[in-house]
Each structure stands twice: as structure tokens, then as C-alpha cells.
Amino acid sequence: MKPKVILTHRVHPEVIELLADHCEVVPNTTNETLASDEILRRAQDAEAIMTFMPDSVDEAFLRACPRLRVIGCALKGYDNYDVDACTRHGVWITNVPDLLTIPTAELTIGLLIGLTRKVLAGDQFVRSGGFNGWRPALYGCGLTGKTLGIIGMGAVGQAIAQRLVGYEMRVLYTDPLSLPKEKEVHWNLERVELAALLAASDFVVPMVPYRDETLHMIDASALAQMKFGAYLINTCRGSVVDEQAVAEALASGRLAGYAADVFEMEEWARPDRPHAIPQKLLEDTERTLFTPHIGSAVDTVRLEIELEAARNILQVFRNEIPQGAINRPQARMSA
């Protein structure tokens, strides 16, 4: 019998075709997230699961799925998954670390321009029927000559910096590690402490993973340290930013604008997560710009992410170490 693989979300047909040659595939043919109890029901006799951003795996889930050998995560961040428990249960857990970098960097710059140049307000005005030609209105903020601060210079932070070279901006960054000097020179970068970055930047872009130490890294205290009238753009993780504090900073005028592709309510493994975006943020259409977590939503990129997650699963079935392995379980290398 072919091993059973559960797909928790809709994927491209090519992914199902790849898996179907070797596995019994149980797909999710809808655009909706399956309820956790439904995923568990489907996975109880499965040997593999392909999971996505809204999913989570804990000790209880693993106990209920004794045949599970591999969890192929079609994502980069994996804090919703108990890696230690997976290792103890002999279950491989894999991710796709690199393919989200460029599309996330591109969207970050798109949100930056869209927010500062009032693109949403302009679109709404044109559609309202009130536009009869040029008027001296909707003046925004340009990028040339301004200072942008990137908090965390990992792969996505570097991709953003690389793409900003042509904008003739000063780019500050803070990170435990320095970049090679040639990159700093070529990309016009300067490494500074966080306090100096917040005080000097016209635009602040956190680009850090979600961990205990980064929860609400941008809180009321950090916002108070930012240059008055600065902009904040968040495309990393929702809980890195205290959304209530951002709403207050916008209302007071300290923060000129906030753009986000990620939100605190999406932190499913966080027990105290809010269950909605603050109403104050949703109502402030003049100074906010939001997208529904589409950082990697480039069709060709999503296909390759899903294919790589599928390849990781198939490598485990061939008793190989999967390319995207996060852990090293000591059991279940054989069926």
C-alpha cells in the first residue's frame, strides 16, 4: 500500500501529481483552513502531512498519529510546531527556508511606497467619481534622500537592502552580526544600535523571527523612541508589533503611517493572541495600508514552495535525510 499523505490546504495540481505517483494523497480542495479536529481525524493513519501557516502540531497531535513519519511544512517559520516533541516521536519536520525571501522583500517595498504615496486613498478617490483632473492633493512622502532602518539583517533584510540601492536612501540596520564590509559599502548600509536606528529612521522595517524575545519588540516604548512622523512597515510576524500601541501612536500623530501584511491574530500558537485586528487600525484608512498575508503569494513561488515541501516528504519515504530537515529524529527511518 502507498503511504498516506494529508494536505491541509489547497495546492497546485502539479504537487498532487508529484505525490500521487508514490503516495495516497488526501487533498483539501477548498480555499479554507481545515478545523484542527478535522486535520487530526484525517491524519490518524497518515504517514505524512503537508502543513501551512495556520497549522500547528503538538505532543497530543503526535500521540494521536502513531504512523506519522514526516511533517512537510510549506513555510519558513515553524514556531507553531513542537520540534522537540516531533524528534521524540521519531517524526521528521521540514521547512522551506529560502523561497519566500524575494517576494516578501518585494512586497515590503511595495507597501512602503503604497503607504507613503497614499496609493490606497488615491485609488479610492478615483473610483468615487469625484476625480475631474489634477488637483494639489494627496501629497505624500518620497523615498529619495530619506533614512530607512531594518531591524534584523537576515535573508529578507538583505534582499530589501539590495533592492533599495536605486532609491538613493540611507539604510541603517541593527543585527547581532555585521554584514561583510563590501555589502555595507555597495548597499549603502550602516550598522547601528536599535535606539539609534529608531531615532534616525524615517521608515522602520522590523525583519526578525517571532520568538519570546521579539514579542512586541515594537511596543509603546519603541514607538516613543522613533522619529516623530515616521512610518512603520511590518511583513515579518504580527506579534513583533504591539498593534494596540501602533493604533495609539497613529491617533496621536507620532506615527505617520503603518503598513502590514501580518497580524497578531495569526499567531495561533500564542495562547494570549488577540482574535481580531484592532478596530482603531481598521478604521484608520488614511494612515494604514494592509494586505492579507500575501508576502509569498506569487504563483510561481507558491508552486515551488509546495513542490519543495512535497520533495522533503518523498525523501523521507526513500529513507533519505530531507533537504529541509529541521530536526534529526532517531526512529522511523524505515516504514
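The following legends describe close-up views of a predicted model.

In this predicted model, local features need pLDDT of at least 70 and side-chain atom pairs count only at pLDDT 80 or more, while totals for chains, interfaces and linings use all residues. Residues are numbered from 1 along each chain as its sequence is written, and side-chain values use heavy atoms, with hydrogens and water left out.

**View 1. The two domains of the chain.** Domain 1 comprises 4-97 + 298-318, and domain 2 comprises 100-290; such bounds come from an automatic or database domain assignment. The C-alpha centres of domain 1 and domain 2 are 32 Å apart. Domain 1 gives 11 residues to the contact and domain 2 gives 11 residues, where contact means heavy atoms within 4.5 Å. In an unreviewed entry, UniProt lists residues 109-295 as "domain: D-isomer specific 2-hydroxyacid dehydrogenase NAD-binding"; UniProt positions are given in the numbering used here, feature names are shortened, and annotations may be inferred rather than shown by experiment. Residues 109-295 are 33% helix and 17% strand, and the end C-alpha atoms of this span lie 11 Å apart. Helices (H or I, at least four residues) and strands (E, at least two) are DSSP runs, numbered from the N terminus.

View 2. H9 lies in the loop between β1 (4-7) and α1 (13-20). This residue counts as buried because its relative accessibility is 11%; buried means under 20% relative accessible area, exposed over 50%, and partly exposed in between (1.4 Å probe, protein chains only). Beyond its neighbours within four places in sequence, H9 is in contact with N28, E32, T33, F52, P54 and D55. The side chains of H9 and T33 form a polar contact of 2.9 Å. A polar contact is a pair of N or O atoms within 3.5 Å; within protein, one must be able to donate a hydrogen and the other to accept it, and residues adjacent in sequence count only if both atoms are side-chain atoms.

**View 3. R42 in helix α2.** Helix α2 (residues 36-43) contains R42. Not counting residues up to four places away in sequence, R42 touches K4, I6, V26, P27, N28 and L34. The R42 side chain reaches the backbone oxygen of P27 at 3.3 Å.

**View 4. Strand β7 and its partners.** Strand β7 (residues 170-174) is largely enclosed by the rest of the structure, because 4 of its 5 residues are buried. Strand β6 (residues 147-151) runs parallel to β7 and is joined to it by 5 bridges; two strands pair if DSSP finds at least two bridges between them. Here L148 stands opposite V171. Strand β8 (residues 189-191) also runs parallel to β7, with 3 bridges, and Y173 has R191 as its bridge partner in β8.

**View 5. Helix α7 and its cover.** The buried residues of α7 are V156, G157, Q158, A159, I160 and A161. Their cover includes α5 (101-116), β6, α8, β8 and β9 (203-206).

**View 6. Strand β9.** F203 and V205 point one way from β9, V204 and P206 point the other way, and all are buried. β6 and β9 run parallel, joined by 4 bridges, and I150 has V205 as its bridge partner in β9. Strand β10 (residues 230-234) runs parallel to β9 with 2 bridges.
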